[in-house]
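Q: Can you take me through this one? I'd like the pockets first, then the overall fold.

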Amino acid sequence: MLEACVMLLDETPLFDPCLLQELDWSSSKVSFSPPISPLEPGDGLVLRPLRPADLDRGLYKVLSQLTVAGDVTKEQFRANFEHMKKTGDYYVIVVEDTNVGQIVATATLIVEHKFIHACAKRGRVEEVVVSDVCRGKQLGKLLVATLTLLSKKLQCYKITLECAQKNVEFYKKLGYTPSEETYMQCRFFD
(Lines give C-alpha, C1' and ligand atoms only; values in the text may rest on other atoms or scores of the structure.)
Protein backbone atom coordinates (compact mmCIF):
# COMPACT_ATOMS: atom_id res chain seq x y z
CA MET A 1 0.00 0.00 0.00
CA LEU A 2 2.80 2.40 0.87
CA GLU A 3 4.49 1.75 -2.50
CA ALA A 4 1.29 2.72 -4.31
CA CYS A 5 1.13 6.01 -2.39
CA VAL A 6 4.75 6.78 -3.20
CA MET A 7 4.13 6.03 -6.89
CA LEU A 8 1.13 8.37 -6.94
CA LEU A 9 3.19 11.11 -5.31
CA ASP A 10 5.94 10.63 -7.88
CA GLU A 11 3.48 11.42 -10.69
CA THR A 12 2.18 14.62 -9.08
CA PRO A 13 2.58 17.49 -11.57
CA LEU A 14 4.47 20.63 -10.58
CA PHE A 15 1.46 22.71 -11.64
CA ASP A 16 -2.06 22.14 -12.94
CA PRO A 17 -1.84 20.56 -16.42
CA CYS A 18 -5.07 22.36 -17.37
CA LEU A 19 -3.03 25.56 -17.65
CA LEU A 20 -1.32 24.08 -20.70
CA GLN A 21 -4.54 22.73 -22.18
CA GLU A 22 -6.26 26.12 -21.88
CA LEU A 23 -3.62 28.19 -23.72
CA ASP A 24 -4.96 30.42 -26.49
CA TRP A 25 -2.89 29.38 -29.51
CA SER A 26 -4.82 31.76 -31.78
CA SER A 27 -2.72 34.59 -30.31
CA SER A 28 0.60 32.83 -31.03
CA LYS A 29 2.84 34.23 -33.76
CA VAL A 30 4.71 30.93 -34.05
CA SER A 31 3.94 28.51 -36.86
CA PHE A 32 4.95 24.88 -37.10
CA SER A 33 5.62 22.89 -40.25
CA PRO A 34 4.61 20.12 -40.03
CA PRO A 35 1.94 21.18 -37.53
CA ILE A 36 2.51 20.26 -33.87
CA SER A 37 0.99 21.59 -30.65
CA PRO A 38 1.23 21.05 -26.89
CA LEU A 39 -1.58 18.48 -27.19
CA GLU A 40 0.08 16.77 -30.18
CA PRO A 41 3.86 17.37 -30.05
CA GLY A 42 4.70 14.35 -32.19
CA ASP A 43 4.43 10.59 -32.39
CA GLY A 44 4.74 9.13 -28.90
CA LEU A 45 5.59 12.52 -27.40
CA VAL A 46 3.75 14.20 -24.52
CA LEU A 47 4.25 17.80 -23.36
CA ARG A 48 3.35 18.20 -19.70
CA PRO A 49 4.39 19.67 -16.34
CA LEU A 50 7.42 18.23 -14.57
CA ARG A 51 6.79 15.34 -12.15
CA PRO A 52 9.08 13.97 -9.41
CA ALA A 53 9.36 10.66 -11.29
CA ASP A 54 11.03 12.54 -14.16
CA LEU A 55 14.28 12.35 -12.23
CA ASP A 56 14.31 8.64 -13.13
CA ARG A 57 13.22 9.40 -16.71
CA GLY A 58 16.48 11.08 -17.65
CA LEU A 59 15.73 14.72 -16.81
CA TYR A 60 19.33 15.35 -15.76
CA LYS A 61 20.68 13.61 -18.84
CA VAL A 62 18.85 16.23 -20.94
CA LEU A 63 19.79 19.15 -18.67
CA SER A 64 23.45 18.14 -18.84
CA GLN A 65 23.35 18.81 -22.60
CA LEU A 66 22.77 22.47 -21.71
CA THR A 67 25.10 23.03 -18.77
CA VAL A 68 26.68 21.37 -15.75
CA ALA A 69 23.67 19.79 -14.07
CA GLY A 70 25.54 18.33 -11.10
CA ASP A 71 24.91 15.23 -9.02
CA VAL A 72 21.53 15.43 -7.32
CA THR A 73 20.05 12.92 -4.90
CA LYS A 74 16.38 11.96 -4.98
CA GLU A 75 15.97 13.74 -1.66
CA GLN A 76 17.48 16.98 -3.01
CA PHE A 77 15.33 16.78 -6.12
CA ARG A 78 12.18 16.10 -4.11
CA ALA A 79 12.88 19.00 -1.72
CA ASN A 80 13.48 21.42 -4.61
CA PHE A 81 10.38 20.16 -6.44
CA GLU A 82 8.23 20.67 -3.33
CA HIS A 83 9.66 24.16 -2.84
CA MET A 84 8.88 25.09 -6.44
CA LYS A 85 5.38 23.64 -6.21
CA LYS A 86 4.67 25.45 -2.93
CA THR A 87 5.68 28.88 -4.27
CA GLY A 88 3.51 28.47 -7.36
CA ASP A 89 5.91 30.59 -9.42
CA TYR A 90 7.78 27.80 -11.25
CA TYR A 91 6.46 26.21 -14.42
CA VAL A 92 8.82 23.50 -15.61
CA ILE A 93 7.56 21.69 -18.68
CA VAL A 94 8.96 18.54 -20.21
CA VAL A 95 8.47 16.51 -23.34
CA GLU A 96 8.43 12.80 -22.64
CA ASP A 97 8.98 10.18 -25.30
CA THR A 98 6.45 7.62 -24.08
CA ASN A 99 7.88 5.00 -26.42
CA VAL A 100 11.02 4.81 -24.28
CA GLY A 101 9.81 6.50 -21.07
CA GLN A 102 12.45 9.23 -21.25
CA ILE A 103 12.43 13.02 -21.02
CA VAL A 104 13.70 14.45 -24.33
CA ALA A 105 13.18 18.19 -23.78
CA THR A 106 12.53 20.68 -21.00
CA ALA A 107 12.15 24.40 -20.32
CA THR A 108 11.29 26.55 -17.32
CA LEU A 109 9.15 29.64 -16.79
CA ILE A 110 9.78 31.54 -13.57
CA VAL A 111 7.29 34.22 -12.57
CA GLU A 112 8.80 37.16 -10.69
CA HIS A 113 6.59 39.46 -8.62
CA LYS A 114 7.61 43.10 -9.03
CA PHE A 115 6.87 46.37 -7.28
CA ILE A 116 7.22 48.22 -10.58
CA HIS A 117 4.44 48.40 -13.17
CA ALA A 118 1.85 48.51 -10.37
CA CYS A 119 3.10 45.29 -8.73
CA ALA A 120 3.05 43.40 -12.01
CA LYS A 121 4.56 40.01 -12.78
CA ARG A 122 7.41 39.28 -15.18
CA GLY A 123 8.05 35.92 -16.79
CA ARG A 124 11.55 34.59 -17.33
CA VAL A 125 12.37 31.63 -19.57
CA GLU A 126 15.25 29.46 -18.39
CA GLU A 127 16.91 26.14 -19.18
CA VAL A 128 15.50 25.46 -22.65
CA VAL A 129 17.07 22.24 -23.91
CA VAL A 130 16.17 19.50 -26.37
CA SER A 131 18.01 16.19 -26.30
CA ASP A 132 20.41 15.75 -29.19
CA VAL A 133 18.41 12.70 -30.30
CA CYS A 134 15.29 14.84 -30.80
CA ARG A 135 16.64 18.06 -32.27
CA GLY A 136 15.04 19.18 -35.52
CA LYS A 137 11.53 18.15 -34.42
CA GLN A 138 10.52 21.75 -33.49
CA LEU A 139 10.42 20.88 -29.79
CA GLY A 140 12.51 23.89 -28.70
CA LYS A 141 10.17 26.14 -30.61
CA LEU A 142 7.17 24.40 -29.03
CA LEU A 143 8.58 24.74 -25.52
CA VAL A 144 9.30 28.47 -25.87
CA ALA A 145 5.97 29.21 -27.59
CA THR A 146 4.14 27.31 -24.84
CA LEU A 147 5.90 29.19 -22.04
CA THR A 148 5.36 32.51 -23.84
CA LEU A 149 1.61 31.90 -24.01
CA LEU A 150 1.58 30.62 -20.45
CA SER A 151 3.23 33.82 -19.19
CA LYS A 152 0.56 35.82 -21.01
CA LYS A 153 -2.17 33.68 -19.43
CA LEU A 154 -0.58 34.27 -16.02
CA GLN A 155 -0.80 38.04 -16.73
CA CYS A 156 2.91 38.79 -16.86
CA TYR A 157 3.60 42.24 -18.30
CA LYS A 158 6.61 40.86 -20.18
CA ILE A 159 8.66 37.73 -20.65
CA THR A 160 12.43 37.66 -21.05
CA LEU A 161 15.18 35.16 -21.63
CA GLU A 162 18.94 35.11 -21.90
CA CYS A 163 20.61 33.33 -24.78
CA ALA A 164 23.92 32.89 -26.51
CA GLN A 165 24.53 35.15 -29.49
CA LYS A 166 24.28 32.13 -31.80
CA ASN A 167 20.65 31.60 -30.69
CA VAL A 168 19.40 35.17 -31.16
CA GLU A 169 17.93 34.51 -34.62
CA PHE A 170 16.04 31.46 -33.33
CA TYR A 171 14.35 33.51 -30.61
CA LYS A 172 13.62 36.40 -32.99
CA LYS A 173 11.55 33.97 -35.08
CA LEU A 174 9.50 33.30 -31.94
CA GLY A 175 8.64 36.96 -31.39
CA TYR A 176 11.48 37.94 -29.06
CA THR A 177 13.56 41.05 -29.67
CA PRO A 178 17.02 41.92 -28.35
CA SER A 179 16.98 44.29 -25.41
CA GLU A 180 19.18 47.33 -24.94
CA GLU A 181 19.91 46.07 -21.45
CA THR A 182 23.23 44.32 -20.98
CA TYR A 183 23.29 40.99 -19.19
CA MET A 184 25.75 41.05 -16.32
CA GLN A 185 26.66 38.36 -13.83
CA CYS A 186 28.66 37.65 -10.72
CA ARG A 187 29.21 33.89 -10.60
CA PHE A 188 29.90 32.22 -7.24
CA PHE A 189 30.24 28.60 -8.38
CA ASP A 190 31.03 26.85 -11.66
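This is a predicted model: local features need pLDDT of at least 70, side-chain atom pairs count only at pLDDT 80 or more; totals for chains, interfaces and linings use all residues.

Q: How much space lies in the largest pocket?
A: About 1600 Å³.

Q: Which residues lie nearest its centre?
A: L66, T67, E126, E127 and V128, out of 43 residues that line the largest pocket. The elements that give two or more residues to that lining are α3 (59-63), α4 (74-87), β2 (90-97), β3 (102-113), β4 (121-130) and α7 (168-172).

Q: Which element gives the most?
A: β4, with six residues.

Q: And how do the lining residues divide into nonpolar, polar and charged?
A: In the largest pocket, 27 are nonpolar, nine polar and seven charged.

Q: OK, the second largest pocket. How much space is in there?
A: About 1100 Å³. Its lining has 34 residues, and I159, T160, L161, Y176 and T177 are the closest to the centre.

Q: Which elements supply at least two residues of that lining?
A: β4, α6 (139-153), β5 (156-161) and α7 each do. β5 gives the most to the second largest pocket, with six residues.

Q: How does that lining divide?
A: Into 16 nonpolar, ten polar and eight charged residues.

Q: Switching to the fold. How many helices and strands?
A: The protein chain has seven helices and five strands. Along the sequence the pattern runs α-α-β-α-α-β-β-α-β-α-β-α.

Q: What is the radius of gyration, and what does the globule rule give?
A: The radius of gyration is 17 Å, close to the 16 Å that the rule gives for 190 residues, so the chain is as compact as a globular protein of that length. The C-alpha trace spans about 55 × 40 × 35 Å along its principal axes.

Q: How much of the chain counts as buried?
A: 41% of the 190 residues. As for contacts between residues at least 6 apart in sequence, 70% join residues at least 24 apart.

Q: Is D10 buried or exposed?
A: Buried: its relative accessible area is 19%, and buried means under 20%.

Q: What is D10 in contact with, leaving aside neighbours within four places in sequence?
A: R51, P52, A53 and R78. With R78 there is also a polar contact between the two side chains, at 2.4 Å.

Conventions. Residues are numbered from 1 along each chain as its sequence is written. Side-chain values use heavy atoms; hydrogens and water are left out. Buried means under 20% relative accessible area, exposed over 50%, partly exposed in between (1.4 Å probe, protein chains only). A polar contact is a pair of N or O atoms within 3.5 Å; within protein, one must be able to donate a hydrogen and the other to accept it, and residues adjacent in sequence count only if both atoms are side-chain atoms. Contact means heavy atoms within 4.5 Å. On a 1 Å grid over the protein atoms alone, a cavity is a set of points where a 1.4 Å probe fits but cannot get out, and a pocket is an open set with protein on both sides within 12 Å along at least five of seven lines; lining residues have an atom within 4 Å of a point. Grid points are joined across faces, edges and corners, and a volume is the space filled by probe spheres set on the points. Helices (H or I, at least four residues) and strands (E, at least two) are DSSP runs, numbered from the N terminus. Ala, Val, Leu, Ile, Met, Phe, Trp, Tyr, Cys and Pro count as nonpolar, Asp, Glu, Lys and Arg as charged, and the others, Gly among them, as polar. The radius of gyration is taken over C-alpha atoms; the globule rule is 2.2 Å times the number of residues to the power 0.38.
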